[in-house]
Amino acid sequence: MSRNEPTPRSPSPLASGSDSRWASPGFGDDRAVSPVVGAVLMLALVFLLVGVIQTTAIPAANAQLEFRHSEEVRSDVVGLAATADRVADGGHAQLAQVAVGFRYPTRLFFVNPPPVAGTLRTTDARTVTVDNARATGETGHYWNGSARTFRTHSVVYAPEYNEYGAAPTTVYEPWAVYGRADGRTLPRTATDLVDGRRISLVALDGRYSRSVPGTVGVSVTPTSAPVRTVTVANATDPDTGEPEPITLTVRTGIRNDTWAELLDEEMTDSDGHVAGFSCLREPPEPCGELTLTLEPGTYELRLGEVGIGSGASEEPAAYLTDVAGNATAVTETGRQRLAVEARDRFDNPVSGVPVTATVTNGSGEVRPTSSVTDEGGRATFVYRAPETVNETAPVTVRAQFGAGDAPRNVTFDLLLVDRTVNASAGTAGDGTGGAPGDGGPGDGGAGDGTSAGAVGTVGGTVDSGPSQGEGREVTFSLDADRSVTVTGISVRTGNDLADGEYVERNTTVDGSALPTEVSGEFEVALRDVFKSANRRGSGDLGVGEFVDPAEADLVVTLQFDDGSTLEVGIG
(Lines give C-alpha, C1' and ligand atoms only; values in the text may rest on other atoms or scores of the structure.)
Protein backbone atom coordinates (compact mmCIF):
# COMPACT_ATOMS: atom_id res chain seq x y z
CA MET A 1 0.00 0.00 0.00
CA SER A 2 1.40 3.32 -1.03
CA ARG A 3 1.86 6.11 1.40
CA ASN A 4 -0.66 8.20 -0.49
CA GLU A 5 -3.47 5.70 -0.23
CA PRO A 6 -5.98 6.44 2.48
CA THR A 7 -6.09 4.27 5.56
CA PRO A 8 -9.11 1.98 5.48
CA ARG A 9 -11.86 2.82 8.12
CA SER A 10 -14.09 0.57 10.01
CA PRO A 11 -17.65 0.53 8.85
CA SER A 12 -19.83 3.18 10.43
CA PRO A 13 -22.01 1.82 13.17
CA LEU A 14 -24.94 3.76 11.84
CA ALA A 15 -24.26 2.47 8.43
CA SER A 16 -24.06 -1.03 9.57
CA GLY A 17 -26.95 -0.68 12.06
CA SER A 18 -24.92 -2.60 14.59
CA ASP A 19 -24.22 -0.13 17.50
CA SER A 20 -23.36 -2.34 20.45
CA ARG A 21 -25.08 -0.04 23.01
CA TRP A 22 -28.43 -0.36 21.36
CA ALA A 23 -27.91 -4.00 20.68
CA SER A 24 -27.39 -4.80 24.41
CA PRO A 25 -29.68 -7.56 25.65
CA GLY A 26 -30.69 -5.46 28.76
CA PHE A 27 -32.47 -2.79 26.83
CA GLY A 28 -35.93 -4.54 26.74
CA ASP A 29 -35.88 -5.47 30.57
CA ASP A 30 -35.23 -1.85 31.62
CA ARG A 31 -38.49 -0.82 30.03
CA ALA A 32 -40.50 -3.44 32.23
CA VAL A 33 -38.97 -2.40 35.59
CA SER A 34 -41.25 0.62 36.20
CA PRO A 35 -44.64 -1.26 36.30
CA VAL A 36 -43.28 -4.00 38.56
CA VAL A 37 -41.71 -1.59 41.00
CA GLY A 38 -44.93 0.48 41.07
CA ALA A 39 -47.03 -2.58 41.80
CA VAL A 40 -44.73 -3.58 44.64
CA LEU A 41 -44.91 -0.11 46.12
CA MET A 42 -48.70 -0.02 45.86
CA LEU A 43 -48.99 -3.43 47.56
CA ALA A 44 -46.67 -2.25 50.31
CA LEU A 45 -48.80 0.83 50.83
CA VAL A 46 -51.96 -1.28 51.03
CA PHE A 47 -50.43 -3.57 53.65
CA LEU A 48 -49.15 -0.57 55.55
CA LEU A 49 -52.61 1.02 55.50
CA VAL A 50 -54.28 -2.22 56.61
CA GLY A 51 -51.76 -2.53 59.42
CA VAL A 52 -52.39 1.02 60.56
CA ILE A 53 -56.18 0.46 60.50
CA GLN A 54 -55.81 -2.87 62.29
CA THR A 55 -53.68 -1.43 65.07
CA THR A 56 -55.41 1.92 65.52
CA ALA A 57 -58.85 2.28 63.93
CA ILE A 58 -60.17 -1.22 64.69
CA PRO A 59 -59.30 -1.07 68.42
CA ALA A 60 -60.86 2.39 68.63
CA ALA A 61 -64.04 1.15 66.92
CA ASN A 62 -64.16 -1.90 69.19
CA ALA A 63 -63.67 0.30 72.27
CA GLN A 64 -66.68 2.33 71.17
CA LEU A 65 -68.74 -0.85 70.75
CA GLU A 66 -67.65 -2.07 74.17
CA PHE A 67 -68.60 1.26 75.73
CA ARG A 68 -72.08 1.02 74.20
CA HIS A 69 -72.40 -2.54 75.47
CA SER A 70 -71.38 -1.40 78.95
CA GLU A 71 -74.21 1.14 78.89
CA GLU A 72 -76.62 -1.53 77.64
CA VAL A 73 -75.74 -4.06 80.33
CA ARG A 74 -75.99 -1.36 82.98
CA SER A 75 -79.53 -0.65 81.79
CA ASP A 76 -80.27 -4.40 81.83
CA VAL A 77 -79.14 -4.72 85.46
CA VAL A 78 -81.39 -1.79 86.39
CA GLY A 79 -84.17 -3.65 84.56
CA LEU A 80 -83.39 -6.79 86.56
CA ALA A 81 -83.88 -4.79 89.78
CA ALA A 82 -87.20 -3.45 88.45
CA THR A 83 -88.28 -7.01 87.57
CA ALA A 84 -87.51 -8.15 91.12
CA ASP A 85 -89.70 -5.36 92.49
CA ARG A 86 -92.57 -6.35 90.17
CA VAL A 87 -92.31 -10.00 91.21
CA ALA A 88 -92.29 -8.97 94.87
CA ASP A 89 -95.37 -6.79 94.35
CA GLY A 90 -97.37 -9.23 92.20
CA GLY A 91 -96.17 -12.62 93.43
CA HIS A 92 -95.70 -14.00 89.88
CA ALA A 93 -92.42 -15.20 88.34
CA GLN A 94 -90.87 -13.21 85.49
CA LEU A 95 -87.81 -13.44 83.22
CA ALA A 96 -85.30 -10.59 82.89
CA GLN A 97 -82.89 -10.29 79.94
CA VAL A 98 -79.28 -9.24 80.52
CA ALA A 99 -76.76 -8.79 77.67
CA VAL A 100 -73.86 -10.47 79.44
CA GLY A 101 -71.64 -10.42 76.32
CA PHE A 102 -71.58 -9.73 72.57
CA ARG A 103 -69.73 -10.53 69.34
CA TYR A 104 -67.93 -7.97 67.21
CA PRO A 105 -69.25 -7.33 63.68
CA THR A 106 -67.50 -9.07 60.77
CA ARG A 107 -64.84 -6.91 59.11
CA LEU A 108 -63.40 -7.99 55.73
CA PHE A 109 -59.58 -8.15 55.68
CA PHE A 110 -59.37 -7.26 59.39
CA VAL A 111 -58.94 -9.41 62.47
CA ASN A 112 -61.35 -9.07 65.45
CA PRO A 113 -60.53 -10.03 69.05
CA PRO A 114 -62.49 -12.89 70.64
CA PRO A 115 -66.14 -12.17 71.67
CA VAL A 116 -66.86 -10.35 74.91
CA ALA A 117 -68.16 -12.58 77.74
CA GLY A 118 -68.62 -10.76 81.03
CA THR A 119 -69.82 -12.54 84.18
CA LEU A 120 -73.18 -12.05 85.90
CA ARG A 121 -73.30 -13.71 89.31
CA THR A 122 -74.82 -13.58 92.76
CA THR A 123 -72.65 -12.85 95.79
CA ASP A 124 -72.53 -14.56 99.15
CA ALA A 125 -75.45 -13.80 101.45
CA ARG A 126 -75.15 -10.91 103.88
CA THR A 127 -77.21 -9.87 106.90
CA VAL A 128 -79.72 -7.04 107.20
CA THR A 129 -80.91 -6.05 110.68
CA VAL A 130 -83.99 -4.09 111.74
CA ASP A 131 -83.83 -3.14 115.41
CA ASN A 132 -86.18 -1.41 117.89
CA ALA A 133 -89.23 -1.77 115.63
CA ARG A 134 -92.44 -2.44 117.52
CA ALA A 135 -95.87 -3.20 116.03
CA THR A 136 -99.28 -3.14 117.64
CA GLY A 137 -102.13 -5.58 117.18
CA GLU A 138 -101.78 -9.01 115.68
CA THR A 139 -98.06 -8.75 114.79
CA GLY A 140 -96.97 -7.09 118.03
CA HIS A 141 -95.70 -10.28 119.62
CA TYR A 142 -93.22 -10.73 116.74
CA TRP A 143 -92.29 -7.11 116.04
CA ASN A 144 -91.71 -6.41 119.71
CA GLY A 145 -88.62 -4.24 119.50
CA SER A 146 -86.17 -7.13 119.25
CA ALA A 147 -83.58 -7.15 116.48
CA ARG A 148 -84.89 -9.01 113.41
CA THR A 149 -82.34 -10.23 110.86
CA PHE A 150 -82.65 -11.15 107.19
CA ARG A 151 -80.23 -12.68 104.71
CA THR A 152 -79.88 -11.32 101.19
CA HIS A 153 -77.56 -11.70 98.21
CA SER A 154 -76.47 -9.07 95.68
CA VAL A 155 -75.94 -9.40 91.90
CA VAL A 156 -72.66 -8.33 90.27
CA TYR A 157 -71.81 -7.88 86.59
CA ALA A 158 -68.04 -7.97 86.00
CA PRO A 159 -67.04 -6.92 82.43
CA GLU A 160 -64.26 -8.56 80.41
CA TYR A 161 -63.58 -6.18 77.52
CA ASN A 162 -60.63 -6.27 75.12
CA GLU A 163 -60.22 -2.50 74.70
CA TYR A 164 -62.46 -0.68 77.22
CA GLY A 165 -60.26 -1.23 80.23
CA ALA A 166 -61.94 1.41 82.41
CA ALA A 167 -65.37 -0.22 82.21
CA PRO A 168 -67.19 -0.13 85.58
CA THR A 169 -68.47 -3.15 87.45
CA THR A 170 -72.25 -2.94 87.91
CA VAL A 171 -73.68 -4.06 91.26
CA TYR A 172 -77.34 -4.62 92.16
CA GLU A 173 -77.88 -4.49 95.90
CA PRO A 174 -81.49 -4.82 97.12
CA TRP A 175 -81.58 -1.09 97.96
CA ALA A 176 -79.74 0.43 94.95
CA VAL A 177 -77.91 -0.27 91.68
CA TYR A 178 -74.49 1.34 91.29
CA GLY A 179 -71.31 1.25 89.23
CA ARG A 180 -67.85 0.66 90.68
CA ALA A 181 -64.69 1.85 88.91
CA ASP A 182 -61.28 3.15 90.05
CA GLY A 183 -62.37 3.04 93.68
CA ARG A 184 -65.43 5.24 93.04
CA THR A 185 -69.11 4.24 93.30
CA LEU A 186 -71.60 5.82 90.90
CA PRO A 187 -75.33 5.45 91.73
CA ARG A 188 -77.43 4.15 88.84
CA THR A 189 -80.75 4.30 90.71
CA ALA A 190 -82.13 6.05 93.74
CA THR A 191 -82.37 4.07 96.97
CA ASP A 192 -85.73 2.87 98.29
CA LEU A 193 -84.33 1.59 101.57
CA VAL A 194 -86.03 4.58 103.20
CA ASP A 195 -88.60 6.68 101.36
CA GLY A 196 -90.33 9.10 103.69
CA ARG A 197 -91.93 6.92 106.36
CA ARG A 198 -91.68 3.74 104.31
CA ILE A 199 -88.92 1.19 104.91
CA SER A 200 -88.48 -1.28 102.04
CA LEU A 201 -86.47 -4.44 101.64
CA VAL A 202 -86.92 -6.98 98.85
CA ALA A 203 -84.25 -9.54 99.69
CA LEU A 204 -82.59 -11.74 97.04
CA ASP A 205 -82.13 -15.48 97.42
CA GLY A 206 -80.70 -18.15 95.12
CA ARG A 207 -77.54 -18.78 93.09
CA TYR A 208 -76.68 -17.57 89.61
CA SER A 209 -73.48 -17.35 87.51
CA ARG A 210 -73.27 -17.04 83.70
CA SER A 211 -70.54 -15.90 81.31
CA VAL A 212 -71.50 -16.16 77.64
CA PRO A 213 -70.98 -13.97 74.53
CA GLY A 214 -74.63 -13.06 74.29
CA THR A 215 -77.84 -12.34 76.20
CA VAL A 216 -79.07 -14.53 79.06
CA GLY A 217 -82.48 -14.86 80.71
CA VAL A 218 -82.51 -14.52 84.50
CA SER A 219 -85.53 -16.11 86.18
CA VAL A 220 -86.97 -14.15 89.10
CA THR A 221 -89.38 -16.13 91.29
CA PRO A 222 -91.37 -15.13 94.38
CA THR A 223 -90.24 -16.86 97.57
CA SER A 224 -92.01 -14.50 99.98
CA ALA A 225 -94.46 -12.39 98.01
CA PRO A 226 -96.59 -10.40 97.40
CA VAL A 227 -95.02 -8.02 99.86
CA ARG A 228 -96.99 -6.93 102.91
CA THR A 229 -96.84 -3.74 104.89
CA VAL A 230 -96.64 -3.76 108.69
CA THR A 231 -96.94 -0.56 110.70
CA VAL A 232 -94.15 -0.24 113.26
CA ALA A 233 -92.96 2.42 115.66
CA ASN A 234 -89.81 2.89 117.69
CA ALA A 235 -89.48 1.09 121.01
CA THR A 236 -89.19 2.86 124.37
CA ASP A 237 -86.60 2.25 127.04
CA PRO A 238 -88.53 0.64 129.94
CA ASP A 239 -86.27 2.23 132.55
CA THR A 240 -85.97 5.81 131.31
CA GLY A 241 -89.04 6.09 129.12
CA GLU A 242 -86.84 7.57 126.38
CA PRO A 243 -87.53 6.54 122.77
CA GLU A 244 -85.19 3.98 121.25
CA PRO A 245 -85.02 4.86 117.54
CA ILE A 246 -85.45 2.28 114.81
CA THR A 247 -82.13 1.39 113.19
CA LEU A 248 -81.39 -0.36 109.89
CA THR A 249 -78.04 -2.05 109.33
CA VAL A 250 -77.05 -3.38 105.89
CA ARG A 251 -73.87 -4.67 104.30
CA THR A 252 -73.00 -2.57 101.25
CA GLY A 253 -70.20 -1.82 98.78
CA ILE A 254 -71.37 1.75 98.21
CA ARG A 255 -69.00 4.42 99.56
CA ASN A 256 -69.88 6.79 102.38
CA ASP A 257 -69.94 9.87 100.11
CA THR A 258 -72.27 8.10 97.66
CA TRP A 259 -74.64 7.21 100.50
CA ALA A 260 -74.64 10.87 101.52
CA GLU A 261 -75.81 11.67 97.98
CA LEU A 262 -78.47 8.92 97.95
CA LEU A 263 -79.87 9.88 101.37
CA ASP A 264 -79.71 13.63 100.97
CA GLU A 265 -83.48 14.13 100.61
CA GLU A 266 -84.28 11.67 103.43
CA MET A 267 -82.26 13.42 106.12
CA THR A 268 -84.08 15.40 108.80
CA ASP A 269 -82.28 18.53 107.58
CA SER A 270 -84.22 18.09 104.31
CA ASP A 271 -87.55 17.41 106.06
CA GLY A 272 -86.93 13.67 105.90
CA HIS A 273 -86.89 11.17 108.75
CA VAL A 274 -83.31 9.83 108.78
CA ALA A 275 -81.67 11.31 111.85
CA GLY A 276 -78.20 10.10 110.84
CA PHE A 277 -76.14 7.37 109.20
CA SER A 278 -72.68 5.92 109.67
CA CYS A 279 -70.31 3.67 107.72
CA LEU A 280 -67.84 1.12 108.97
CA ARG A 281 -65.12 2.47 106.63
CA GLU A 282 -64.41 5.84 105.03
CA PRO A 283 -63.58 6.62 101.36
CA PRO A 284 -61.85 5.55 99.26
CA GLU A 285 -62.84 2.24 100.87
CA PRO A 286 -66.46 1.07 100.44
CA CYS A 287 -68.80 1.63 103.37
CA GLY A 288 -68.83 -2.04 104.32
CA GLU A 289 -71.65 -1.71 106.85
CA LEU A 290 -74.23 1.07 106.79
CA THR A 291 -76.37 1.94 109.83
CA LEU A 292 -79.35 4.27 109.47
CA THR A 293 -80.95 5.82 112.54
CA LEU A 294 -84.55 7.00 112.07
CA GLU A 295 -86.19 9.73 114.06
CA PRO A 296 -88.87 8.52 116.53
CA GLY A 297 -92.26 7.92 114.94
CA THR A 298 -94.38 5.47 112.97
CA TYR A 299 -93.18 3.77 109.78
CA GLU A 300 -94.57 1.39 107.16
CA LEU A 301 -92.34 -1.69 106.95
CA ARG A 302 -92.50 -3.31 103.49
CA LEU A 303 -90.73 -6.67 103.31
CA GLY A 304 -90.47 -9.45 100.73
CA GLU A 305 -88.09 -11.87 99.04
CA VAL A 306 -87.51 -13.14 95.50
CA GLY A 307 -85.30 -15.86 94.07
CA ILE A 308 -82.61 -15.16 91.45
CA GLY A 309 -81.66 -18.13 89.28
CA SER A 310 -81.77 -21.50 91.06
CA GLY A 311 -81.44 -22.73 94.60
CA ALA A 312 -83.95 -20.32 96.15
CA SER A 313 -86.25 -21.87 98.74
CA GLU A 314 -89.64 -20.91 100.10
CA GLU A 315 -89.42 -19.10 103.40
CA PRO A 316 -90.48 -21.21 106.41
CA ALA A 317 -92.98 -20.01 108.99
CA ALA A 318 -91.44 -17.76 111.63
CA TYR A 319 -94.40 -16.77 113.79
CA LEU A 320 -98.12 -17.24 114.36
CA THR A 321 -100.64 -14.47 114.76
CA ASP A 322 -104.34 -14.35 115.58
CA VAL A 323 -106.67 -13.23 112.81
CA ALA A 324 -110.18 -13.67 114.22
CA GLY A 325 -111.85 -14.64 117.47
CA ASN A 326 -109.65 -13.08 120.11
CA ALA A 327 -111.19 -11.01 122.95
CA THR A 328 -114.75 -12.22 122.33
CA ALA A 329 -117.57 -13.43 124.57
CA VAL A 330 -119.29 -16.81 124.19
CA THR A 331 -122.47 -17.95 125.91
CA GLU A 332 -123.31 -21.49 126.97
CA THR A 333 -123.62 -23.90 124.02
CA GLY A 334 -122.23 -21.13 121.83
CA ARG A 335 -119.36 -21.44 119.41
CA GLN A 336 -116.62 -19.10 118.33
CA ARG A 337 -114.48 -19.36 115.22
CA LEU A 338 -110.78 -18.90 115.94
CA ALA A 339 -108.45 -18.17 113.00
CA VAL A 340 -104.67 -17.95 113.01
CA GLU A 341 -102.14 -17.15 110.30
CA ALA A 342 -98.62 -18.52 109.96
CA ARG A 343 -96.16 -15.98 108.59
CA ASP A 344 -92.52 -15.98 107.59
CA ARG A 345 -89.94 -13.45 108.75
CA PHE A 346 -91.00 -11.15 105.90
CA ASP A 347 -94.58 -11.08 107.31
CA ASN A 348 -96.00 -13.08 104.40
CA PRO A 349 -98.35 -16.09 104.85
CA VAL A 350 -96.98 -19.62 104.72
CA SER A 351 -99.13 -22.56 103.60
CA GLY A 352 -98.88 -26.18 104.67
CA VAL A 353 -98.06 -25.50 108.34
CA PRO A 354 -99.74 -27.91 110.82
CA VAL A 355 -101.27 -25.98 113.73
CA THR A 356 -102.76 -27.33 116.94
CA ALA A 357 -105.09 -25.61 119.42
CA THR A 358 -106.04 -26.53 122.98
CA VAL A 359 -107.97 -24.99 125.87
CA THR A 360 -105.30 -24.16 128.45
CA ASN A 361 -107.54 -22.37 130.95
CA GLY A 362 -111.28 -22.64 131.62
CA SER A 363 -113.94 -25.00 130.30
CA GLY A 364 -115.17 -25.94 126.86
CA GLU A 365 -113.39 -27.60 123.97
CA VAL A 366 -111.78 -26.61 120.69
CA ARG A 367 -111.74 -28.62 117.50
CA PRO A 368 -110.01 -27.99 114.17
CA THR A 369 -111.87 -26.90 111.08
CA SER A 370 -108.72 -26.74 108.96
CA SER A 371 -105.65 -27.41 111.08
CA VAL A 372 -103.13 -27.07 108.21
CA THR A 373 -102.65 -23.55 106.90
CA ASP A 374 -104.13 -22.87 103.46
CA GLU A 375 -102.74 -20.76 100.62
CA GLY A 376 -103.46 -17.66 102.68
CA GLY A 377 -101.48 -19.11 105.60
CA ARG A 378 -104.62 -19.56 107.71
CA ALA A 379 -105.86 -22.36 109.92
CA THR A 380 -109.23 -22.28 111.68
CA PHE A 381 -110.69 -23.84 114.80
CA VAL A 382 -114.05 -23.73 116.59
CA TYR A 383 -114.32 -23.22 120.31
CA ARG A 384 -117.42 -24.92 121.81
CA ALA A 385 -118.72 -23.58 125.08
CA PRO A 386 -120.16 -26.03 127.63
CA GLU A 387 -123.93 -26.52 127.82
CA THR A 388 -124.15 -24.93 131.25
CA VAL A 389 -122.39 -21.79 132.43
CA ASN A 390 -122.97 -20.85 136.07
CA GLU A 391 -121.02 -17.60 136.05
CA THR A 392 -118.89 -15.45 133.78
CA ALA A 393 -115.37 -16.88 133.53
CA PRO A 394 -112.31 -16.39 131.34
CA VAL A 395 -111.20 -19.02 128.83
CA THR A 396 -107.77 -19.25 127.20
CA VAL A 397 -107.15 -21.14 123.98
CA ARG A 398 -103.59 -21.61 122.78
CA ALA A 399 -102.69 -22.30 119.13
CA GLN A 400 -99.18 -23.22 118.08
CA PHE A 401 -96.99 -24.87 115.46
CA GLY A 402 -93.69 -26.67 115.83
CA ALA A 403 -92.16 -26.47 119.26
CA GLY A 404 -94.62 -23.72 120.08
CA ASP A 405 -92.07 -21.39 121.61
CA ALA A 406 -92.73 -17.69 121.18
CA PRO A 407 -93.43 -16.36 118.64
CA ARG A 408 -94.70 -19.71 117.31
CA ASN A 409 -97.78 -19.65 119.50
CA VAL A 410 -100.71 -17.33 120.03
CA THR A 411 -103.39 -17.20 122.74
CA PHE A 412 -107.06 -16.33 122.45
CA ASP A 413 -108.64 -14.74 125.51
CA LEU A 414 -112.36 -15.53 125.53
CA LEU A 415 -115.08 -14.70 128.04
CA LEU A 416 -117.57 -17.42 128.91
CA VAL A 417 -120.90 -15.77 129.74
CA ASP A 418 -124.06 -17.05 131.46
CA ARG A 419 -126.85 -16.03 129.11
CA THR A 420 -129.39 -15.77 131.90
CA VAL A 421 -127.16 -13.28 133.72
CA ASN A 422 -126.24 -11.19 130.65
CA ALA A 423 -128.78 -11.60 127.88
CA SER A 424 -126.96 -9.07 125.75
CA ALA A 425 -123.67 -10.96 125.82
CA GLY A 426 -123.72 -11.29 122.04
CA THR A 427 -120.89 -8.85 121.44
CA ALA A 428 -118.74 -8.60 118.37
CA GLY A 429 -117.63 -12.01 117.24
CA ASP A 430 -119.02 -13.84 120.28
CA GLY A 431 -120.67 -16.47 118.18
CA THR A 432 -124.07 -15.95 119.82
CA GLY A 433 -125.95 -14.10 117.09
CA GLY A 434 -128.44 -16.69 115.94
CA ALA A 435 -126.66 -19.46 117.79
CA PRO A 436 -128.67 -22.52 118.75
CA GLY A 437 -130.78 -21.95 121.79
CA ASP A 438 -130.72 -18.16 121.73
CA GLY A 439 -134.47 -17.94 121.69
CA GLY A 440 -134.56 -15.95 118.46
CA PRO A 441 -137.56 -15.99 116.19
CA GLY A 442 -138.03 -19.30 114.52
CA ASP A 443 -135.13 -20.88 116.37
CA GLY A 444 -135.63 -24.51 117.06
CA GLY A 445 -133.38 -24.37 120.13
CA ALA A 446 -130.34 -26.41 120.96
CA GLY A 447 -130.83 -30.11 120.98
CA ASP A 448 -134.42 -29.98 119.69
CA GLY A 449 -133.53 -32.11 116.69
CA THR A 450 -134.34 -29.45 114.08
CA SER A 451 -131.93 -28.35 111.38
CA ALA A 452 -131.84 -24.84 112.87
CA GLY A 453 -130.81 -26.30 116.22
CA ALA A 454 -127.81 -27.96 114.57
CA VAL A 455 -126.38 -24.72 113.13
CA GLY A 456 -124.43 -21.95 114.85
CA THR A 457 -122.30 -18.97 113.84
CA VAL A 458 -118.53 -19.35 113.81
CA GLY A 459 -117.12 -16.55 111.65
CA GLY A 460 -117.11 -12.82 111.31
CA THR A 461 -118.70 -11.06 108.38
CA VAL A 462 -117.02 -9.28 105.51
CA ASP A 463 -118.47 -6.22 103.79
CA SER A 464 -116.70 -5.85 100.44
CA GLY A 465 -117.14 -4.84 96.83
CA PRO A 466 -117.70 -1.61 94.93
CA SER A 467 -119.53 1.19 96.68
CA GLN A 468 -120.80 3.04 93.64
CA GLY A 469 -123.02 1.64 90.90
CA GLU A 470 -122.72 -2.01 91.97
CA GLY A 471 -123.97 -3.97 94.92
CA ARG A 472 -121.98 -4.91 97.97
CA GLU A 473 -121.24 -8.41 99.22
CA VAL A 474 -121.70 -9.72 102.75
CA THR A 475 -120.23 -13.10 103.68
CA PHE A 476 -120.21 -14.97 106.98
CA SER A 477 -119.48 -18.47 108.22
CA LEU A 478 -121.77 -20.96 110.00
CA ASP A 479 -121.23 -24.46 111.29
CA ALA A 480 -123.57 -27.48 111.22
CA ASP A 481 -123.23 -30.43 113.61
CA ARG A 482 -124.77 -32.68 110.98
CA SER A 483 -125.96 -32.56 107.41
CA VAL A 484 -128.77 -30.02 106.88
CA THR A 485 -130.46 -28.57 103.81
CA VAL A 486 -130.86 -24.80 103.39
CA THR A 487 -133.86 -24.01 101.19
CA GLY A 488 -134.08 -20.23 101.39
CA ILE A 489 -132.71 -17.00 102.82
CA SER A 490 -134.42 -13.71 103.61
CA VAL A 491 -132.93 -10.39 104.72
CA ARG A 492 -134.37 -7.51 106.69
CA THR A 493 -132.81 -4.29 107.98
CA GLY A 494 -132.94 -2.55 111.33
CA ASN A 495 -131.35 0.09 113.53
CA ASP A 496 -128.95 2.19 111.40
CA LEU A 497 -130.24 0.59 108.20
CA ALA A 498 -133.91 0.61 109.17
CA ASP A 499 -134.75 3.45 106.79
CA GLY A 500 -133.75 1.49 103.71
CA GLU A 501 -135.18 -1.69 102.28
CA TYR A 502 -132.55 -4.04 100.86
CA VAL A 503 -132.89 -6.82 98.34
CA GLU A 504 -130.31 -9.44 97.46
CA ARG A 505 -129.49 -11.46 94.38
CA ASN A 506 -127.31 -14.47 93.59
CA THR A 507 -127.14 -15.71 97.16
CA THR A 508 -124.95 -18.79 97.58
CA VAL A 509 -124.49 -21.21 100.46
CA ASP A 510 -121.11 -22.90 100.49
CA GLY A 511 -120.70 -21.73 96.89
CA SER A 512 -123.92 -23.33 95.64
CA ALA A 513 -127.33 -21.98 94.75
CA LEU A 514 -130.33 -22.84 96.92
CA PRO A 515 -131.46 -25.35 97.94
CA THR A 516 -128.21 -26.98 99.02
CA GLU A 517 -127.08 -29.55 101.57
CA VAL A 518 -124.26 -28.56 103.93
CA SER A 519 -122.39 -29.94 106.92
CA GLY A 520 -119.53 -28.73 109.07
CA GLU A 521 -118.38 -25.15 108.46
CA PHE A 522 -120.00 -23.41 105.51
CA GLU A 523 -120.17 -19.89 104.13
CA VAL A 524 -123.19 -17.79 103.27
CA ALA A 525 -122.65 -15.06 100.63
CA LEU A 526 -125.20 -12.33 99.96
CA ARG A 527 -124.14 -10.78 96.65
CA ASP A 528 -125.25 -7.61 94.87
CA VAL A 529 -127.04 -6.08 97.82
CA PHE A 530 -128.71 -2.91 96.47
CA LYS A 531 -130.81 -0.18 97.96
CA SER A 532 -134.11 -0.84 96.21
CA ALA A 533 -135.22 2.81 96.12
CA ASN A 534 -132.69 3.98 93.56
CA ARG A 535 -130.54 0.90 92.84
CA ARG A 536 -127.39 2.63 94.03
CA GLY A 537 -124.59 0.52 95.37
CA SER A 538 -125.13 0.16 99.10
CA GLY A 539 -121.89 1.78 100.17
CA ASP A 540 -123.44 2.62 103.56
CA LEU A 541 -123.82 -1.05 104.43
CA GLY A 542 -121.31 -0.94 107.24
CA VAL A 543 -121.94 -4.36 108.78
CA GLY A 544 -118.99 -6.26 110.08
CA GLU A 545 -119.73 -8.47 113.11
CA PHE A 546 -122.26 -10.80 114.70
CA VAL A 547 -124.66 -9.28 117.25
CA ASP A 548 -127.95 -10.14 118.86
CA PRO A 549 -130.72 -9.98 116.20
CA ALA A 550 -132.54 -7.36 118.27
CA GLU A 551 -129.53 -5.06 117.94
CA ALA A 552 -128.63 -5.90 114.34
CA ASP A 553 -128.44 -3.61 111.32
CA LEU A 554 -128.97 -6.62 109.08
CA VAL A 555 -130.87 -9.77 110.05
CA VAL A 556 -130.51 -12.85 107.86
CA THR A 557 -133.03 -15.66 108.25
CA LEU A 558 -132.16 -19.13 106.96
CA GLN A 559 -134.99 -21.58 106.12
CA PHE A 560 -134.38 -25.32 106.26
CA ASP A 561 -136.16 -28.21 104.60
CA ASP A 562 -137.70 -29.35 107.90
CA GLY A 563 -139.50 -25.99 108.29
CA SER A 564 -137.23 -24.62 111.02
CA THR A 565 -135.56 -21.21 110.70
CA LEU A 566 -132.47 -19.55 112.10
CA GLU A 567 -131.84 -15.81 112.51
CA VAL A 568 -128.34 -14.36 112.30
CA GLY A 569 -127.83 -10.78 113.46
CA ILE A 570 -125.13 -8.68 111.83
CA GLY A 571 -124.20 -5.19 112.95
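Strand β36 (residues 565-570) has six of its six residues buried, so the rest of the structure largely encloses this strand. The model is predicted. Thr565, Glu567 and Gly569 point one way from β36. Leu566, Val568 and Ile570 point the other way, and all of these residues are buried.

Two strands were found to pair with β36. Strand β35 (residues 554-560) is antiparallel to β36, with six bridges between them. Val556 has Val568 of β36 as its bridge partner. The hairpin of β35 and β36 has four residues between the strands. Gly563 in this hairpin takes a positive phi near 90 degrees. Strand β34 (residues 546-547) also pairs with β36 in the antiparallel sense, here over two bridges. Ile570 is one of the buried residues of the strand.

Six of its seven residues are buried, so β26 is largely enclosed by the rest of the structure. Strand β23 (residues 335-343) runs antiparallel to β26 and is joined to it by seven bridges. Gln336 has Tyr383 of β26 as its bridge partner. Strand β25 (residues 365-370) pairs with β26 as well, in the antiparallel sense and over five bridges.

β24 is antiparallel to strand β27 (residues 393-400), and five bridges connect them. Thr358 has Arg398 of β27 as its bridge partner.

Ala327 lies in the loop between β21 (319-324) and β22. Its relative accessible area is 62%, above the 50% cut-off, so Ala327 counts as exposed. Ala327 and Val395 are 68 residues apart along the chain, yet their C-alpha atoms are separated by 9.9 Å.

Charged pairs were considered next. Side chains of opposite charge can pair when their charged atoms come close. A search of the whole structure gives 16 salt bridges. One of them joins Glu295 to Arg197, with 3.6 Å between the closest N and O atoms. This pair links distant parts of the chain, 98 residues apart. Glu295 sits in the loop between β19 (288-294) and β20 (298-308). Arg197 sits in the loop between β12 (194-195) and β13 (198-205). Glu295 is partly exposed, at a relative accessible area of 24%. Arg197 is also partly exposed, at 34% relative accessibility.

Arg343 and Glu341 form a salt bridge through their side chains, at 2.8 Å from N to O. Both of these residues are buried.

The side chains of Asp479 and Arg367 meet in a salt bridge of 2.9 Å, N to O. This pair, too, links distant parts of the chain: Asp479 is in strand β31 (residues 472-493) and Arg367 is in strand β25, 112 residues apart. Asp479 has 1% relative accessibility, which is under the 20% cut-off and therefore counts as buried. Arg367, at 26%, is partly exposed. Salt bridges that share partners join Arg335, Arg367, Arg384, Asp479 and Asp481 into one network.

Rolling a probe the size of a water molecule over the atoms shows where empty space is left. The second largest pocket has a volume of about 230 Å³. It is lined by 13 residues, and the closest to its centre are Thr223, Ala225, Glu314, Pro349 and Val350. By class, the lining consists of five nonpolar, four polar and four charged residues.

Technical notes: Residues are numbered from 1 along each chain as its sequence is written. This is a predicted model: local features need pLDDT of at least 70, side-chain atom pairs count only at pLDDT 80 or more; totals for chains, interfaces and linings use all residues. Side-chain values use heavy atoms; hydrogens and water are left out. Two strands pair if DSSP finds at least two bridges between them. Buried means under 20% relative accessible area, exposed over 50%, partly exposed in between (1.4 Å probe, protein chains only). A salt bridge is a side-chain nitrogen of Lys or Arg within 4 Å of a carboxyl oxygen of Asp or Glu. On a 1 Å grid over the protein atoms alone, a cavity is a set of points where a 1.4 Å probe fits but cannot get out, and a pocket is an open set with protein on both sides within 12 Å along at least five of seven lines; lining residues have an atom within 4 Å of a point. Grid points are joined across faces, edges and corners, and a volume is the space filled by probe spheres set on the points. Ala, Val, Leu, Ile, Met, Phe, Trp, Tyr, Cys and Pro count as nonpolar, Asp, Glu, Lys and Arg as charged, and the others, Gly among them, as polar.
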